[in-house]
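Reader: I want to go through the aromatic rings and the nonpolar core. Please show me the chain.

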Amino acid sequence: MKARAWIPAAAATLAAAASSGCIDTDAAVFVDPAIAAPEATVSAGALGANLEARFTLELHLGPRASGPSRVAVRTFEIASADQKTSIVAPLPVETATSLPVEVAPGSDVTVAFTVDTSAGGGTLRDDAAAALCAAEGIRITGVIEDSLEDGATPVASEVFHARCP
């Protein structure tokens, strides 16, 4: 006589649903922003220091959201690692993507930004150039507006170090 393993029907149903990916645990009903791949280079210019930077703004909206979101960018800046000191604000960013962007439920949108202070003939203050090169590092911080949520949502990169002369 063969022995049979007995699994209650509810446990079997739960196991089948879990293995098929039917249970979605993504709780992002508002846009979840992140700043990724931040890079900055400080260089000497004819009239002072220049800053070139790039980073991406990653926007995620889970499938449980009530609908699509329109995301607008309010501002970006470079701050100290502890975010207590603003170093370059506002950060003069440029992007090839039309803003605001729409983020559909269950999707991700990535927007690439660049900064070049020398492009407009501007230079950094001496204290800003020194702060960008601090041993503690820096962060890119910003604020976005998510049409699904009242108010503004802050976002910050991980601490990183600028390339300095």
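Author: Rings of Phe, Tyr and Trp pair if their centres lie within 6.5 Å. Planes under 30 degrees apart count as stacked, and over 60 as edge-to-face. Keep in mind that the model is predicted.

Reader: How many aromatic pairs does this rule give?

Author: The rule looks at ring centres within 6.5 Å. Applied here, the count of aromatic pairs comes to three.

Reader: What is the geometry of the pair of Phe-55 and Phe-76?

Author: The centres are 4.9 Å apart. The planes stand at 70°. Over 60 degrees is the edge-to-face class, so Phe-55 and Phe-76 are edge-to-face.

Reader: Why does that pair tie together separate parts of the sequence?

Author: Phe-55 lies in strand β2 (residues 49-61). Phe-76 lies in strand β3 (residues 69-80), so the pair joins parts that are 21 residues apart.

Reader: Phe-55 and Phe-113 also pair; what class is this pair?

Author: The centres of Phe-55 and Phe-113 are 5.3 Å apart. The angle between the planes is 20°. Under 30 degrees is the cut-off for one class, so this pair is stacked.

Reader: Which element gives the largest share of the largest nonpolar core?

Author: That core has 34 residues. Leu-51, Leu-59, Leu-91 and Leu-132 touch the most other members. Elements supplying at least two residues each include β1, β3 and β8. The largest share, seven residues, comes from β2.

Key:
Residues numbered from 1 in each chain as written. Predicted model: local features only at pLDDT ≥ 70, side-chain atom pairs only at ≥ 80, totals over all residues. Heavy atoms only, no water. Phe/Tyr/Trp six-rings, centres within 6.5 Å; stacked < 30°, edge-to-face > 60°. Helix = DSSP H or I, 4+ residues; strand = E, 2+ residues; numbered from the N terminus. Core = buried A, V, L, I, M, F, W, Y, C linked by side-chain atoms within 4.5 Å. Buried < 20%, exposed > 50% of the residue type's maximum accessible area, 1.4 Å probe, protein only.
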